[in-house]
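Please keep the sequence and the model at hand while reading.

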Amino acid sequence: MDIHQVSDIFTPTTPARLTFVEREEINKRIVRGLSTPGNQLVVYGHSGCGKTTLLENKLHQVYENHIRTNCMKGMTYEGIILDAFDQLAPYYITNIETLDRENISTSLSSEYISIKAQISTEIETSTTRNKSRVLPPQLTAQNLARFMGESGSCWVLEDFHKLKKKDKEKLAQLMKVFMDMSDTYKDIKIIYIGAVKTAREVVQFDREMRRRVSEIHVPLMTEDEIIKIIHKGFSLLNIGIDDKQIIWDIYNQCSGLPAICHKLCLLICEDMDIKQTSTEVGNSNDPDDYIEIDDSSEYIKESKYTAMHMEESGSSDPYDYSERDEEDLKPPIIKSKKQFQNKNRKKMDNCLKEDAFQFNAINTTSGLYVENENLQYAFLEYLEDESDTIKCAFEQAFKEKHSEDIIEALSECDEKGASTNEILSTLIDINASCTKKVLNKTLKKLVKNKHGAVIRHYKDSDKYCFSEPFYRTFALSYFEKKIKDSGEITLTERMRLLNKAFGAVQEKFTI
């Protein structure tokens, strides 16, 4: 059995290696983009959705080496060029001194060192007040492309969206230079990684690049993919999960973000005092046997009832209970079709999904299993880590007029999201006054970082939902507390309510 460290398996802040999950369609597009000469890439998606992990794993398969520049607010085009130039040093200086890399010509290596010497001179002659490095005349975009092409390097620019517009324009032009140089250096490539709107930002600066740039959107992970991370990780640690509900609870709190899944799993291991793969031998199950949920559970009762009902009635609707035989079947706590649909549909959907996906409990030879107490610890610690972020996000959101009513209405809608018409209908139900025009305008603001980004917009379905499941839980608690305090509230009272709401959320995950 291979021994792995927990920190190498669950990696919320670094690219996953051991728990990397193949996402076939996206992987295919990335490999195609990397393999096409002259083609440049823009990889974009929500923060924490796995962009860097996907790209890193594919780059290791296609390229011998690559360099990475992490863009930050305030960085300039010149600073980014110098950062890339500096990272090329091992390939050129090593070549001159030891001739280890024969593929790099001596003349190009000498040119590299000459430019580097000029940059060093610029630093030495600058004043003590200003030591900013400047680009020497020889360090042009074309020369940088030649240096990178000769060393066989691919260049990745992380967080491209953080740069100023003028620097983005210059980097878009730099990408065009790399395209033109691909006739000489077929593997030369720039990859921009950024937030949701990054692709259009790159292409809009030069329409000629539209057909020479692969715009690859990395969506949120599916339930299948999130569950695979959990399975891979705990299997590598030889830690079991015999209660499938624990796996579902982790998935339900991730909102499709692998970064949250990794963080929760890491916290579970912390509570279990697991630091590496367990080699203990305890009471284990046959690895070929799959542990099923207890037959007495409500999920199984509902699942069995639905299967029997559909088989006997020939109905294709699992929620059609008009013909049910209550004496024979007696499904758990179902008084009417409407009540079942409104109150228990989420639970039923999860059960049906589980049957369709057929995911297994996680077996172990160590006899160590994740318990509900470990999961609750992970939830509470995650909330504690995010407490200030959550409260700050809602503080920013509530500054916008009508935002409280809109967020309250959204919290009453389906947790998977709601259209503007559904939110508007709920606003009427809670006696809030808001026109459709105002609603659309406010929703567009609430998805932005400066307004808390508590809401996310899905373009494909044109629906809005909370950006994290914890946000919805927090909103429900906040408005429950607010209803008890009738009337208008002051800013101080709002802060008190936010703190009370956070306490209520913590209580929810306490045994």
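## Lysine 228 and aspartate 224

Aspartate 224 has a relative accessible area of 25% and is therefore partly exposed, a class lying between buried (under 20% relative accessible area) and exposed (over 50%), computed with a 1.4 Å probe on protein chains only. Lysine 228 is likewise partly exposed, at 39%. The two residues form a salt bridge in which the closest N and O atoms are 3.7 Å apart; the term denotes a side-chain nitrogen of Lys or Arg within 4 Å of a carboxyl oxygen of Asp or Glu. Because lysine 228 and aspartate 224 lie 4 residues apart in helix α10 (residues 223-236), about one helical turn separates them.

## Basis of the model

The model is predicted: local features require pLDDT of at least 70 and side-chain atom pairs count only at pLDDT 80 or more, whereas totals for chains, interfaces and linings use all residues. Residues are numbered from 1 along each chain as its sequence is written, and side-chain values use heavy atoms, with hydrogens and water left out.

## Helix α10

Helices are DSSP runs (H or I, at least four residues), numbered from the N terminus. Helix α10 has 14 residues and reaches 20 Å from its first C-alpha to its last, close to the expected 20 Å at 1.5 Å a residue; the expected span is 1.5 Å times one less than the number of residues.

The buried residues of α10 are Glu223, Glu225, Ile226, Ile227, Ile229, Ile230, His231, Gly233 and Phe234. Asparagine 238 follows α10 and has a positive phi, near 60 degrees.

## Other salt bridges

A search of the whole structure finds 12 salt bridges. One of them joins the side chains of lysine 170 and glutamate 78, with an N to O distance of 3.6 Å. This pair links distant parts of the chain, since lysine 170 belongs to helix α8 (residues 165-181) and glutamate 78 to helix α4 (residues 77-87), 92 residues apart. Lysine 170 is partly exposed, with a relative accessible area of 36%, and glutamate 78 is partly exposed at 28%.

Lysine 162 and aspartate 159 also form a salt bridge, their closest N and O atoms being 3.5 Å apart. Lysine 162 counts as partly exposed at 35% relative accessibility, and aspartate 159 is partly exposed with a relative accessible area of 23%.

Note on methods:
Helix = DSSP H or I, 4+ residues; strand = E, 2+ residues; numbered from the N terminus.
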